[in-house]
Structures are given as C-alpha cells and as structure tokens.
Amino acid sequence: MVEVDGVFPPKIIYVIPSYQNPTGRSMTVEERERLASFAKRNDVILVADEVYHLLDWEQRMDEKSNAETDTITSRRPASLACFDALGRHDYDKAGNCSRGRRIGCCISVSSFTKIWGPGIRLGWIDAPSLIIRRLQSYGYICSQGGNGPFVGRMMTHAIESNMLDKFLDKLKHEYAKRYEMMCNILKDEPRIAVLTKDYPGNRRGGYFIWIEFPPVVNSDKFLRYSTENYGLKFMAGGRCDPFNEASPSGEYIRSCARLCFADIDLEELAPATFTFLEAFRSFMILIE
C-alpha cells in the first residue's frame, strides 16, 4: 500500500520475528531482508522484539530411525539489527550523522527474562550507533550507575564465566523435548492441526504451539468448557485477534488456540496434554 498506492508509511513497525507469540512462527531470512529493506527505503523505525531469538533448536531426520531428532545448533537467522546494512558507519566520533545520509533504522531488543529467569528485568538493545548514543543520554539509563546495577553485574558474571551459555543450552534441550512430546501426543487427534510443525525451515523455538480446530469449534467456548469441566486452561485464538470478529482473519483465528510448553513441569505436561485431548473429544460430542 505504501509503495504502490501512495499511503503514508508508518513511523514505526513493531515485530516479533523469532518464534512469535502466539503462533510460534519465525520470519524467514528472505522475509527479514524484505522488511528491513522496506523500512530503510521509507525511513521507518523497525523495532524487533527478539526475546525468543536464542531459544531455538533444529529438527533433523535421524537416518537410522527415520525419526525427527532435536539438535541444538547456532545456525539461526541473524538478529534483525544485522539486516540494517545502511547507516552503520554514517557518523562521526561524536555520533553526528552526515547530512543526506541514512542513519539506519533496525533495532533489536532482547531480555534475559526468557533465557535466564523471569525475575531478571534486564536486557539489551542492538541498534545503529546514533540511536544507542541517544538512549545512553536518558537519565533512567545513566543515572545511579545504570538501570539495575546489581542485576547487571550478576548477568555480567554469568556471561563471562560461560554460565549463561551452559544454562541456555540446557534450557533449549528441555524445551525441545517438551515441544516434541506435546506434538507427538496432539497428532493422535486428526481433527487438530498442529500448525507450528508446518512452518518453513527446520528450526523451532520459543514457548508456544499454535493449533487449529475444525471450523465448527469456537476456541473461546471450548476454553470455557475445558476450564469448567477439566480444570484446563489455554489461550483461545480470539484473544489474539487484533481485528474485529467480522474480519476474515477473526473468523479463522477463533478456531485456533495457543498452547504453552514452558509453564508447567515436564512430568505434568504429558498428562495435561492428554487431558486436553480428552476435553476436546468430549466437547466435539457435545456440539456435533
């Protein structure tokens, strides 16, 4: 619309490019390149929320067993800030931008909350140098030794001692195990489509599995039934709809749901997934 119909571009675009909430989908490298290119051409600030970016694993086929295996590798798409090829060297030492030259627009924001612990309210920003210099001037960041100096020093030690890398590898293996276990249980019910399994590429990650029910199922009604009769909760697709119910996407998304494999202990996850299927089958008998 912007480049074809002459619509004014937005000032800012916010995206979750890696294993986004609620669908768990990741943008491909090509999609990231196109979005970054659009932002640079139209002087749009592109903010990427990448809290799930490092929580990933790669599914590969085991040649002997012909089964999927989970392998932790480092071959993930680059952070979206890395796609900002223009403007990284357009400043002098004081951070002043040369007139008529682009300043860069891709900003990656991440946090230790997802890769270390939910109580760690600390993160990092990767952005063009001019944006970083401007952020550094805010009193909230530079006053009193910075934002959260104690937690910052703690995370510095975790990084320098390689403790964070070891914990992150362990965490990814754990989440990969949970993800595959849930998907294997869900595939026993042919009326539920596990859409997360069908996304492009072999990499999976994040916290979520996005599923689709038959069109007759309203996930909001199923959620109420499941909670009242089985004590089981999930995210109904309707709560994730940014548009109104009359939109084409609204009708589709209300037959979907988000499941989270990071919330409960591993030994509770399989029984909970089996209970979810039991609730679904009972609900289908009720509405058919």
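Where is the place of R178? R178 sits in helix α5; helices here are DSSP runs (H or I, at least four residues) and strands likewise (E, at least two), numbered from the N terminus. The model is predicted: local features need pLDDT of at least 70 and side-chain atom pairs count only at pLDDT 80 or more, while totals for chains, interfaces and linings use all residues. Residues are numbered from 1 along each chain as its sequence is written, and side-chain values use heavy atoms, with hydrogens and water left out.

R178 has a relative accessible area of 8%, so it counts as buried; buried means under 20% relative accessible area, exposed over 50%, and partly exposed in between, with a 1.4 Å probe and protein chains only. The side chain of R178 makes a polar contact of 2.9 Å with that of E174. Such a contact is a pair of N or O atoms within 3.5 Å; within protein, one must be able to donate a hydrogen and the other to accept it, and residues adjacent in sequence count only if both atoms are side-chain atoms. Apart from neighbours within four places in sequence, R178 is in contact (heavy atoms within 4.5 Å) with F261, A262, D263, I264, D265, L266 and L269.

Aromatic rings come next. Rings of Phe, Tyr and Trp (its six-membered ring) pair if their centres lie within 6.5 Å; planes under 30 degrees apart count as stacked, over 60 as edge-to-face and the rest as tilted. The count by this rule is 20 aromatic pairs. In one of them, Y175 and Y207, the ring centres are 5.6 Å apart and the planes stand at 80°, so the pair is edge-to-face. This pair links distant parts of the chain, 32 residues apart: Y175 belongs to helix α5 (residues 163-186), and Y207 to the loop between β8 (203-205) and β9 (208-212). Y175 is buried at 8% relative accessible area, and Y207 is buried at 15%.

F213 and F280 form a stacked pair, with 5.6 Å from centre to centre and 20° between the planes. Here too distant parts of the chain are linked: F213 lies in the loop between β9 and α6 (219-230), F280 in helix α8 (residues 266-287), 67 residues apart. Both F213 and F280 are buried. They belong to one aromatic cluster, together with F222, Y225, Y230, F234, F276 and F283.

Finally, the surface. Y140 is in helix α3 (residues 139-142). Its relative accessibility is 65%, so Y140 counts as exposed.
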